[in-house]
Structures are given as structure tokens and as C-alpha cells.
Amino acid sequence: MSTQVETPTGVSREHRRAAMASMVGTTVEWYDFFIYAQAASLIFAQLFFAPMGSSGQLVAYVTIGISFIFRPLGAIVAGYFGDKFGRKKVLIATLTLMGAATVGMGLLPTYATIGIWAPIILIVLRILQGFSTGGEWGGAALMAVEHAPKGKRGIYGAATQMGVPLGMLIAVGTLALCTGLLSEEQFEAWGWRIPFLISFVLILVGFYIRRRVEETPVFKELSERKERNHTPVRALWRTNKKQVMLAALSFIGTNGNGYIIVGGFIVAYSTREYGLARVDVLVASLFAAIVWGVFTLLGAHLSDRYARTTIMNLGNAAMVLCAIPFFLLVDTGELHWIYVALGLFAVGLGLSYGPQPALYAEMFPAAVRFSGASIGYAIGTVLGGAFVPTISEALFKGTGTSMSISIYLMILAAISFVATSRIKNRRDEDLNV
């Protein structure tokens, strides 16, 4: 029985439920993803890559990026099933797969116990995380946007985006709590496993909520009219190749700049170069997550009133302008300036990130929308964020200055500014078949 009964404001219970399902599910997915990124930056080098000596940290960063390579594959598979069989089934599958991989990491013996099999299994589980995440975002975004009331696609789509700062908030908060309550010896011996195992509880919550959401009205219409595409990926590349590439390039700035914070690089950099306490920098990252979330909602809200591309480019411009001041502030080695740096950086991230689900949904026709949004997003993550911690570490070691990282981040944001400028505004067009 449908619950699509609108209130006087035009918002039904199903509208809210779809937004909540998207937000909770992506929060769980990104919690899992961030837990790995932070652990790889802080502790995995000695636990799983100890025989590599000083190169172990660089290899640990590489494992963060490996999962990104498999995101497009996950997007292709999820897009195929999502456009053919529905958004809801795919979202439940990706959530379950991500949770199983994360819990598996929490149970995995280290190199000292099972030798070379430890890093091999760790990398396999990381690949499963990347595959799952590649299929998650597009489905969650469409679940929220295709259910959204008229004129509110931006703010409802932002429910999906809030999963990133919320997932980061919970992940970093959990790590900060563990590192704060446990001694360094306890954390390295067994405490690092706790955040991974907590994922099991979060997965159950997300699974319950997603099971209760109806399929989107757009997919229902496709089914009723028998207009589902049986080869959605092939059709997408035949008719919407340009839109896929513009979508990908419009995202690399946000993704690349964001992974300086969420990929664990800034935590490792600050503690290594300036001797700051790990827990203090983790708490500063929590502050950045809050600012990011606030400006994500603001960007999404503004995109329902003005062109989405304009709001996204405000964020891209802010990232270009903040890249050099960001590292100048971090390199003071003072914790309060690191708070300022992370807060300023998160403003541009939020403005560019908030309008993205609605913009992507409006870029593709209904029959290939899941494939288009998922693949565009996944390619953007590979080009933008896949190896940002690795590249940043290599740039810093090669040049001896953090300014090289700033220039790299500026280039990514500038590319996104140009690509976003070329996307047509379809804010008022119908999303139905």
C-alpha cells in the first residue's frame, strides 16, 4: 500500500522515508569507507605491511586508492541491475556487501599471525568495499531525488550527500574515542578492530530502514510502460557519453580536495611532521565534518532556487582560493590554526557537494539514469580521489614542501569548474519517463 499521501506542504511520509533511507544507508557505507582510510593512515602500515619498512605507509595509502579502481565496475553492475530491476534491491545488496567486507576486516589476523595472507585478504576486502561503494551512491541519490517533492530535488538529494560528513563524523569520532580511552599498545593490539566491528550494528539499522521504502515513482512508471532498458550501459555510452564525462570531471575537484581530509592524510601529516596528538587532529577533523555537512545542506538548498551549476562552481572557486592558505595554516603546527584551515576548506566542499545528486539525476534520461549517475560518479572518484593521499605523500617527499600539494588540489578544482560550467541547467524539467 502506498504511503505517498501529501501533507499541505506537499511532502509525504514516503518522501521523508526515502530521504532517510538514502541518508542512513550512505552514512553506514561511508562510515565503513572512512574507517579504513583512517586506519590505513594511522596503523595498517605496521600491522599488515611491516616487512616493507619505511615504504609500508605509502603502500597502505595505495590500498586506499585500490578500491577506487573497482568503483566503476561496481557502478556498471549496479547500474545495469538498478535500471533493469529497480533502485531498492540494488541499494540493499550494496549495503550488505559493504558491511560484510568491513566486519571481515575487523576479524582479520595481522601479518604477524598469518604472514603474507594478511595483506592479500585485506586488499580483497578493500576491493569489495570499492565495488559496493561504486553501486551505492547512484542508487541512493536517485532514491532521494526521484521521490522528492516538486521544487525540492536539491535539498532531498542532499540526504544522500549528508552520508559523507555523517559517516566521517561517526568514523572519526569512534576512532578518536578508541585512541583517547585506550593506550597506544592496546589500540595497536586490538582496539583498532572495534570501529570495524561496530559496522555490523549500523548495517542492521540501514537494512531495516531501506527495506521499508517503496520503489521510486520513476522506476514504477518505467515498469508499467515496459520501457526498462535491457542493455542500459550500452545505451548510455551510445547516447549520453558526453554527460557521463562532464559528470565525472565536475566531481574530481570535490572528491580530490575532500580526500585530503577524509582520506586520513591530514591526520597522518600533522602528527608526523608537527608531533600533534593523534586524537587532537581527529577531533579537528570532526569539526571539519560538521562544517562540511552544514554547507552541503546550504548548497543543496540554494540549488533549488538558483542554477545548480552556479552553486557548485561557488564551491569549486572556494576550493581554488583556499588550497594555498589551507597548508599555510596547517604548517604552522598549531592546533587552533588547523581548525581554521579545515573549517575554511570544508565550506567549498559543502557548496560543491550539496547540489550534485539533483544535478546528476537531471543530466540523464530515466531509462539509463542509474547507470549514468553511478558511472559518472565512479569515474570522478577514480580521477579525483583514488590516490590523493598517495600522490600528496609523494609530492611532499619529492618537493619538500606542502605547496606542491596545494597546486595539485587547485588544478583538480579548476578542472571541475570548467566541466561544471558546460553542464546544462535542467532544474525545472520533469524527471519522469
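Helix H15 (residues 265–274) packs against helix H17 (residues 308–330) at an angle of about 40°, and their axes lie 11 Å apart. Here the axes are lines fitted to C-alpha atoms, for helices over the stretch in contact, and angles run from 0 to 180 degrees between N-to-C directions. H15 and H17 are therefore oblique to each other; angles under 35 degrees count as roughly parallel, over 145 as roughly antiparallel, 65 to 115 as roughly perpendicular, and the rest as oblique. On the H15 side, Phe265, Ile266, Tyr269, Ser270 and Tyr274 meet Phe326, Phe327 and Val330 of H17, contact being heavy atoms within 4.5 Å. By class, this contact holds 7 nonpolar, 1 polar and no charged residues (Ala, Val, Leu, Ile, Met, Phe, Trp, Tyr, Cys and Pro count as nonpolar, Asp, Glu, Lys and Arg as charged, and the others, Gly among them, as polar).

The model is predicted: local features need pLDDT of at least 70 and side-chain atom pairs count only at pLDDT 80 or more, while totals for chains, interfaces and linings use all residues. Residues are numbered from 1 along each chain as its sequence is written, and side-chain values use heavy atoms, with hydrogens and water left out.

For the chain, the secondary structure comes to 22 helices and 0 strands, where helices (H or I, at least four residues) and strands (E, at least two) are DSSP runs numbered from the N terminus. The radius of gyration of the chain is 21 Å, close to the 22 Å that the globule rule gives for 433 residues, so the chain is as compact as a globular protein of that length. This radius is taken over C-alpha atoms, and the rule is 2.2 Å times the number of residues to the power 0.38. Along the principal axes, the C-alpha atoms fill a box of roughly 60 × 45 × 40 Å.

Now to the space inside. A search of the whole structure finds 2 cavities of 30 Å³ or more (a cavity is a set of points on a 1 Å grid over the protein atoms alone where a 1.4 Å probe fits but cannot get out, and lining residues have an atom within 4 Å of a point). The largest cavity holds about 90 Å³ of space. Of the 11 residues that line the largest cavity, Val164, Asn255, Tyr259, Trp292 and Tyr353 are the closest to its centre. Helix H14 (residues 241–262) gives the most to this lining, with 6 residues. The lining of the largest cavity divides into 8 nonpolar, 3 polar and no charged residues.

The second largest cavity holds about 30 Å³. Its lining consists of Ala21, Ser22, Lys88, Leu91, Met143, Arg210 and Val213, and helices H1 (13–42) and H5 (87–107) are the elements that give two or more residues to it. This lining of the second largest cavity has 4 nonpolar, 1 polar and 2 charged residues.

Notes. 1 Å grid on protein atoms, 1.4 Å probe; cavity = no way out; pocket = protein on both sides within 12 Å on 5 of 7 lines; lining within 4 Å. Points joined across faces, edges and corners; volume = space filled by probe spheres on them.
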